[in-house]
Protein chains: 2
Amino acid sequence: MKIRVEIKYLPNVEDPEALSIKRNLSMLGYSGIDDVKTYKIYEFTTSINEEDSMRQIQDISENILTNPVIQEYKIEKISD
Amino acid sequence: MKIRVEIKYLPNVEDPEALSIKRNLSMLGYSGIDDVKTYKIYEFTTSINEEDSMRQIQDISENILTNPVIQEYKIEKISD
């Protein structure tokens, strides 16, 4: 099955990459861009049953992919 | 309006981050994970009209955010 993990910065945490993109875009002459956000997506394809897959991806998201102090994650089943 | 740009590696191009995650997950004892893919998402909030917004984001995606040799991008309007 396919499972997507979307990782983003917590609302009150500065996103350094987004800030620098926003600043550079205005220097490059792009106008009317009020905000930039960045997300990271990890898409896993597994060959074990759904319960084990979701439990493992939850564990991986929490302990490996995400820094809970500054990030949050969302897990989404994409396909069987 | 809100516009999302999703950037991923071209099908025949190796995703170094995904490869190292896959390798490390199996060393850490996670099983049944056959494939890992990574995507990057940039979400822009603009205050100009739709046509100018889409034209600018197309230009930004093509010339700044994406390396056309190894990556492809998809632009999606999220909200007005």
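Between chain A and chain B there are four salt bridges across the interface, each being a side-chain nitrogen of Lys or Arg within 4 Å of a carboxyl oxygen of Asp or Glu. In a salt bridge, A:Arg4 meets B:Glu6, with 3.5 Å from N to O. This is a predicted model, in which local features need pLDDT of at least 70 and side-chain atom pairs count only at pLDDT 80 or more, while totals for chains, interfaces and linings use all residues. Side-chain values use heavy atoms, without hydrogens or water; residues are numbered from 1 along each chain as its sequence is written, and chains are lettered from A in the order in which they are written.

Stay with A:Arg4 for a moment: its charged end also sits over the ring of B:Tyr39, 4.5 Å from the centre. Such a placement needs NZ of Lys or CZ of Arg within 6 Å of the ring centre and within 35 degrees of the ring normal.

Now for the interface as a whole. Chain A and chain B each bring 32 residues to the contact, meaning heavy atoms within 4.5 Å. The area buried between the two chains is about 2,900 Å², and carbon and sulfur atoms give 51% of it; this is the accessible area (1.4 Å probe) lost on putting the two parts together, summed over both.
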